[in-house]
Amino acid sequence: MSLEKITRVAGRGVCVPGNDIDTDRIIPARYLKCVTFDGLGEGLFYDVRKNPDGSEKPHPLNEPRFKGAQILLSGANFGCGSSREHAPQAIQKYGFKAVVAESYAEIFFGNSTTLGLVCATAQRADIAQVAAALDAHPQAELVLDVTAQELRFGSQSIKVGIRDTARDALVNGRWDPIAELLEGAGAVKATATGLPYLAK
Amino acid sequence: MSKNLFEKVWDAHTVRTLANGQTQLLIGTHLIHEVTSPQAFGMLRDLGLKVAMPHRTFATVDHIVPTDQFAEPYADPLAQEMMDALRQNCAEFGITFFDRGTGKQGIVHIVGPEQGITQPGTTIACGDSHTSTHGAFGAIAFGTGTTQIRDVLATQTIALGKLKVRRINVTGRLGPGVYAKDVILHIIRVLGVNGGTGFAYEYGGEVFDRFTMEERMTVCNMSIEGGARAGYVNPDETTFAFLKGRPYAPKGAAWDAAVLRWKSFASDPGCKFDDVVTIDAAVIAPTVTWGINPSQGIAITESIPDPAKATAVDEKASIEEALAYMKLKPGAPIKGTKIDVAFIGSCTNGRLSDFQEVARHLKGRRVAPGVKAIAVPGSQGVRVLCEQLGLDQIFRDAGFEWREAGCSMCLAMNSDKLVGDQLCASSSNRNFKGRQGSPTGRTILMSPLMVAAAAVAGTIADAREVFHVSAN
């Protein structure tokens, strides 16, 4: 299984501001009633994007000028709450390839990386600077350089951070660890022998 | 060199270092449920992989089960489809399934300890963030996504970076009417919803030494609400006494060997922590949330925060957003806020002792007119024990609905949902916008006895007053 080496993500951006955006808000629990991840993009931010009758509420993702964005900007502690992988799945299936936020909840970060959804951190002021640029030029292309840990837009750029282990996995095409974990089967057996509770 | 429990368990389960620097960590115990596992089995099939150690994965069904209906097919065809998928997957891959017909079904974090599957010095993973609950036994237990469920099924390992460890001491003695739930709500209020990011929390101090296993579970359960992926308490005699005689606990000579081994995992005296926080139990009051994340809590005697008095960065905007959603007035007392629904249950507070403590005070009292009150045992085992003690009758007589076991209104994936902007006094763990099934529904988190007090008063109330709680 060979995976894409994700060294950069280029595309338009949109900012969904706010701190502590939890996974229930990213994908409400009723969308978890499924046995596949197909179609989860529809439910992304549903209850803050839409009224119960399906009409739209004011929300950045509903603005025509931001349609087709591939890089999502947000605040601190993004993805807190539940461990549901449905959250990064919904973000990815909606069309995003990367998130740039002040910080992430631990489980969300891990789930996203394993899907090849890049999660980069940035300073609040820098995110605000990008958001202001997007507001003025929503069609402008952003380039998230994973290797250089930089987000470029127009003639400007900001520093971003991507945790070493995640960056290594992304740029070397091993963000889905299954192949490497399977290779360790012999070592797993050896470790298991020292753990009596694993005996049948 | 002295080590803490986290380091010992981590080292004992480390398989090797992966190319990106993460650890391939052996997961000794894997718990699965119907919501986050079906896609993982799908991935296994797509890759042509088998389950590496089927005897170390245990399944139950909890999130989607109706609590007002036992017979199948369920009214909700999607719920039935998920139920059927789990049954089929367990049968196909040889996994033990605590199905509803077994009498052992329940919320995964209640079933594991109840069966004696959750043991000290082990690693536990489950596709559910409240897996931190199992840390109460001195296990390192964390929630994972679905792709990692696939990894555990296929390899009995996951790729993970090592966490730092923060020791949280709670010293002294809790006041009357103050419970484990108040302790964790207070800790999250003090340290914040993301204060634990990158950490495992080790809980200790006199309060934890005295706590029962069920109380320890309540605290460890909500570690994730403080951002900590794992939380644990060192194993001690309380732990061993709880486990002894449970179906999956070792027996005979194996029991003695296991206890010796379990003791060896406890943090060494003088071991190092990355951070230490000490909290005086005397400052912890019955705590209720007023906002839209679990750190937005206050003592029942306090007033709702006023954004005009906010000092920290973002605090003003965050209070304003929360109060607008909660429809609460700044500066007003939280006590007296009218409620519509009272919910006792969940993996946080759906255990026998939770129902016992409420029943002790609720006996002879009535739920206020207009309040819908539901009591949902966390497992079939809890339900049976409650019924043997006649607790169900006390709840019914008071006007509570007594339900079948499941997650129920904690996340409302079944038909137990708030309607419109109903306000719910809830013993669950999350007060996020829309959490309890209505996009405008409102949740106030609190201990089970505080929920009962709110149900009886019809408003957010101080259980110490409603039930005349004095020193035990």
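In chain B, 20 residues of domain 1 are in contact with 21 residues of domain 2; contact means C-beta atoms, placed from the backbone, within 7 Å. This is a predicted model: local features need pLDDT of at least 70, side-chain atom pairs count only at pLDDT 80 or more, and totals for chains, interfaces and linings use all residues. Residues are numbered from 1 along each chain as its sequence is written, with chains lettered from A and ligands numbered from 1 in written order.

**Domains of chain B**
- Domain 1 covers 5-161 + 233-264, and domain 2 covers 289-466; the bounds come from an automatic or database domain assignment.
- The C-alpha centres of domain 1 and domain 2 of chain B lie 28 Å apart.

**Domain 1 side of the contact**
- Helix α4 (residues 108-115) of chain B gives the largest share, 4 residues.
- Helices (H or I, at least four residues) and strands (E, at least two) are DSSP runs, numbered from the N terminus.
- By class, this side has 8 nonpolar, 8 polar and 4 charged residues.
- Ala, Val, Leu, Ile, Met, Phe, Trp, Tyr, Cys and Pro count as nonpolar, Asp, Glu, Lys and Arg as charged, and the others, Gly among them, as polar.

**Sheet and helix in chain B**
- An open sheet of 5 strands has the order β17-β16-β15-β18-β19, with parallel pairing; strands pair if DSSP finds at least two bridges between them.
- Its edge strands are β17 (401-402) and β19 (442-445), each pairing on one side only.
- Strands β15 (residues 341-344) and β18 (residues 423-426) run parallel, joined by 3 bridges.
- B:Phe343 has B:Ser426 in β18(B) as its bridge partner.
- Helix α16 (residues 448-457) lies across β15, β16 (372-375) and β18, at about 155° to β15(B).
- Axes are lines fitted to C-alpha atoms, for helices over the stretch in contact, and angles run from 0 to 180 degrees between N-to-C directions.

Key
Two residues are in contact if their C-beta atoms, placed from the backbone, lie within 7 Å.
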